[in-house]
Amino acid sequence: MLSYLFCIFAILNYLNMSCFVIYIPLEKYLHEWATTHLGDPVVFPSKSNENAIIRTFLQKLPEGEAPELNDGTMTAIAIPDSKAKPPAEGWVKLTPKGKEAIREIIKDLFRRHLWNDINPIINGNVGVNTLISAWCEINGINIDRVETVRQCYYRMRDAYTKKGINLRNSSKIYSDNNP
């Protein structure tokens with residue numbers, strides 16, 4: 001029975017996505033950002049740290065257990081090819097802690113992208129809300145989630161400020177008379 005279910009799972013994945021996937025629960029803004037940049041299912045670059053983490057925590061599906069299916073609230077993540085753990089041979093399961101690790105690395109990637117794009121231009125004439133709204137728009141994030149993204153940016157900046165590290169760009173202009 002398991003081999004029959006696994007064959008159906010493999011065929012469905014082949015027809016719909018041409019790869020094996022795992023499902024990770026992500027916040028809506030992260031799902032929208034990840035699928036905009038990495039596709040649906042999310043496919044990380046072949047030699048990426050994200051794929052290394054997936055391979056590390058990937059387990060063989062136990063005999064008699066059906067593969068996990070998307071309940072409509074999760075994000076599909078492509079399982080990378082591996083000679084040591086080939087998905088076609090049943091290596092298609094992540095533990096809850098493995099899923100948590102994948103979620104964390106996606107969130108870290110999102111934060112780095114947000115910070116690297118927004119921080120260099122934050123002290124211009126355009127307000128933070130407008131910048132983040134525009135950033136969300138070009139990164140596939142629905143306008144309803146702009147406040148969540150803005151709060152994410154402020155939390156990152158404030159965490160460093162509390163430690164005495166000023167990451168804001170300085171717009172102070174020095175003259176010859178006032179160094």
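Tutor: Let's take the labels one by one and set each value against its definition.

Tutor: A bit of housekeeping: this is a predicted model, where local features need pLDDT of at least 70 and side-chain atom pairs count only at pLDDT 80 or more, while totals for chains, interfaces and linings use all residues. Residues are numbered from 1 along each chain as its sequence is written, and side-chain values use heavy atoms, with hydrogens and water left out.

Student: What makes up the fold, element by element?

Tutor: The protein chain has six helices and four strands, in the order α-β-α-α-β-β-β-α-α-α from the N terminus on. Helices (H or I, at least four residues) and strands (E, at least two) are DSSP runs, numbered from the N terminus. As for contacts, meaning heavy atoms within 4.5 Å, 76% of those between residues at least 6 apart in sequence join residues at least 24 apart.

Student: Why is K99 called buried?

Tutor: Buried means under 20% relative accessible area, exposed over 50%, and partly exposed in between (1.4 Å probe, protein chains only). K99 comes in at 15% relative accessibility, so K99 counts as buried. This lysine lies in helix α4 and touches Y23, I24, E68 and L94, leaving out residues up to four places away in sequence. Over the whole protein chain, 39% of the 179 residues count as buried.

Student: And why is P96 called exposed?

Tutor: P96 has a relative accessible area of 69%, so P96 is exposed.

Student: How do you know that the length of α4 agrees with its residue count?

Tutor: The expected span of a helix is 1.5 Å times one less than its number of residues. For the 23 residues of α4 that should give 33 Å, and the end C-alpha atoms are 33 Å apart, so the two agree. Among the buried residues of α4 are G98, I102, K107, F110 and W115.

Student: What makes F110 and W135 an edge-to-face pair?

Tutor: Rings of Phe, Tyr and Trp (its six-membered ring) pair if their centres lie within 6.5 Å; planes under 30 degrees apart count as stacked, over 60 as edge-to-face and the rest as tilted. For F110 and W135 the centres are 5.6 Å apart and the planes 70° apart, which makes the pair edge-to-face. The pair links distant parts of the chain, with F110 in helix α4 (residues 96-118) and W135 in helix α5 (residues 128-138), 25 residues apart. Both F110 and W135 are buried. The structure holds five aromatic pairs, and ring pairs link Y29, W33, F110 and W135 into a cluster.

Student: How do you know that β1 and β3 are paired?

Tutor: Two strands pair if DSSP finds at least two bridges between them. Five bridges join β1 to strand β3 (residues 74-78), so the pairing holds, and the strands run antiparallel. Strand β1 (residues 21-25) is mostly covered, with four of its five residues buried.

Student: Why is A76 called buried?

Tutor: A76 has a relative accessible area of 6%, so A76 is buried. This alanine sits in strand β3 and touches V21, I22, Y23, D40, P41 and V42, not counting residues up to four places away in sequence.

Student: What makes R145 and E32 a polar contact?

Tutor: A polar contact is a pair of N or O atoms within 3.5 Å; within protein, one must be able to donate a hydrogen and the other to accept it, and residues adjacent in sequence count only if both atoms are side-chain atoms. The side chains of R145 and E32 are joined at 2.6 Å, so the distance passes. R145 and E32 are 113 residues apart in sequence. R145 counts as buried because its relative accessibility is 18%.

Student: How do you know that C136 is in no disulfide?

Tutor: A disulfide is a pair of cysteine sulfur atoms within 2.5 Å. The structure holds zero disulfides. For C136 the nearest cysteine sulfur, that of C152, is 9.9 Å away, so C136 is in no disulfide. C136 is buried, with a relative accessible area of 0%, and C152 is buried at 8%.
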